[in-house]
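Colleague: Could you take me slowly through how the parts of this chain pack against one another?

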Amino acid sequence: MEKTADFHLHSRYSRAVSSQMTLPVMAEWALVKGIDILGTGDFTHPLWFKELKENLTGENGIYKIKEKNIPVSFLLSAEISSIYSQGGRTRRVHNILLASSFEKAAMFNAALLKRKVNLFSDGRPITGLSSYELLKIFKEIDEKGLFIPAHIWTPWFSLFGANSGFDSLVECFGDMSEHIVAVETGLSSDPLMNWFFKDLKGKGIVSFSDAHSPANLGRELTVVEVDKLDFSSIAQALSGGAGISNTIEFYPEEGKYHYTGHRNCRVIQKPEETKRLGTICPVCGKPLTIGVMHRVEQLSGEIKKPKYEEDDVGLRWVKDEGRPPFISLVPLAEIIAEANGLEKSSKKVLSIYQNLVRKFGNELLILTKTRAEDISTFAGEKLAEGITKVRKGDIYIRPGFDGEYGKVKVWPEKEEKKTAFQEGLF
Ligand SMILES: [Zn+2]
Ligand SMILES: [Zn+2]
Ligand SMILES: [Zn+2]
């Protein structure tokens, strides 16, 4: 059976996270989004961990909310930020941990406390332990658990990040590298950008939302094929990617660090421009923030053109032999807002969104399975056209850079602006 999974997200005990990130609200939104299994996020936080223990019930590492009868499962997930020095440089790497049971998670938390990690400070704690040490401690306690480097290309806090990361898995994880069986692409990269880096050969390429609020849950997802819904089956599906059916992606250009640049100097460069012009800002003379695309090309070489295949609702699948395919989507609320000339956060957009979900099941079904004719009949031709355009990838994107999110438009603002938009100039 296929299950949609989102294992990277945060509870309200993490900094800059919505107070709405509680178990019942997360589960209700998972239903609306079309997510079958959620990570709990933040199992290292003592107060959140206590809440999880009190409110979840289940076995074999898969849990449900007690007495609620909501058909959404949870597994124990956390993210840890390691800040340490290695090879004469400061390294900042985020890693996601999936624990196989409450017992193992509790043992791991105790091991961190023993090493004086301040688990109370943040749902995503910061430690001076290296990624290597962390992996070793985790695997010694929880052999079945998964340790997944998070959003591996972002410049500041990731395994391969241009500013404080590494050039290879072995440089970071040494003799423990074989225990890295999957990596997270993050919002700024998609699987295609990861397919040509030799270090990632044979690794599961997974996508999760890193949501800090319920409405962002499932904005990226991994769909797994499992016989049984237990921790071991899910871990096995992610390991090496063998049981991954497909992943659902953001347009990587929408991420905050896609291109190289300086936000304050309004300098933005494509990889080929960076190659030609170098990495010093022509305005302020300081080093530019290297974008994910440039960094990927640095380590992988050329990104080859993929095969595209449209399915019967016009959804464009990106394919390569022997790998799970993927699709790139735009959140439904954004398409509704643009189709109606409204703000994404407006009440009207929410009400159209809720009506659609009530009618067609969930957001994922609406974006990927519902026939355009049915959407048109129910919610108007313009929205149906927007969803069809998104499915085909017929949209306009201004790439993000230096911490500024990219922007996606389903329809160009004015025809003549179309090129400027695509070039990132508007
Ligand atoms: Zn992170
Ligand atoms: Zn995170
Ligand atoms: Zn500058």
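**Helix packing and domains**

Modeller: In this predicted model, we can begin with the pair α13 and α14, where Ala372, Ile375, Ser376 and Ala379 of α13 meet Glu381, Leu383, Ala384, Ile387 and Thr388 of α14. Sorted by class, the residues of this contact are six nonpolar, two polar and one charged.

Colleague: How are α13 and α14 directed relative to each other?

Modeller: The axes of α13, residues 372-379, and α14, residues 381-392, come within 7 Å and cross at roughly 150 degrees. Angles over 145 degrees count as roughly antiparallel, and therefore the two helices, α13 and α14, are described as roughly antiparallel.

Colleague: Is the crossing of α13 and α14 left-handed or right-handed?

Modeller: The angle of roughly 150 degrees describes how the axes of α13 and α14 cross, while the sense of the crossing is stated separately. For α13 and α14 the crossing is right-handed.

Colleague: Which word describes how α10 lies to α11?

Modeller: Helix α10 covers residues 332-340 and helix α11 covers residues 347-360, and their axes come within 9 Å while crossing at roughly 120 degrees. Angles from 65 to 115 degrees would count as roughly perpendicular, so the crossing of roughly 120 degrees makes α10 oblique to α11.

Colleague: How many nonpolar residues are in the contact of α10 with α11?

Modeller: The crossing of α10 and α11 is right-handed, and the contact is made by Leu332, Ala333, Ile336, Ala337 and Asn340 of α10 together with Lys348, Val349, Ile352 and Tyr353 of α11. Divided by class, these residues include one polar and one charged, and the nonpolar ones number seven.

Colleague: Which residues of α4 meet α3?

Modeller: Helix α3, residues 102-114, packs against helix α4, residues 131-141, at an angle of about 140 degrees, with the axes 9 Å apart, and that makes α3 oblique to α4. From α3 the contact takes Lys104, Met107, Phe108 and Ala111, and the residues they meet in α4 are Ile137, Phe138 and Ile141.

Colleague: Which helix gives the largest share of the side of domain 1 that touches domain 2?

Modeller: The domain assignment gives domain 1 as residues 2-254 and domain 2 as residues 332-422, and their centres, taken over C-alpha atoms, are separated by 29 Å. The contact takes eight residues from domain 1 and eleven residues from domain 2. On the domain 1 side, the largest share is three residues, and these come from the helix of residues 23-33, α1.

Terms used. Residues are numbered from 1 along each chain as its sequence is written. Chains are lettered from A and ligands numbered from 1 in the order in which they are written. This is a predicted model: local features need pLDDT of at least 70, side-chain atom pairs count only at pLDDT 80 or more; totals for chains, interfaces and linings use all residues. Axes are lines fitted to C-alpha atoms, for helices over the stretch in contact, and angles run from 0 to 180 degrees between N-to-C directions. Helices (H or I, at least four residues) and strands (E, at least two) are DSSP runs, numbered from the N terminus. Angles under 35 degrees count as roughly parallel, over 145 as roughly antiparallel, 65 to 115 as roughly perpendicular and the rest as oblique. A crossing is left-handed if the near helix is turned anticlockwise from the far one by less than a right angle, and right-handed if clockwise. Two residues are in contact if their C-beta atoms, placed from the backbone, lie within 7 Å. Ala, Val, Leu, Ile, Met, Phe, Trp, Tyr, Cys and Pro count as nonpolar, Asp, Glu, Lys and Arg as charged, and the others, Gly among them, as polar. Domain bounds come from an automatic or database domain assignment.
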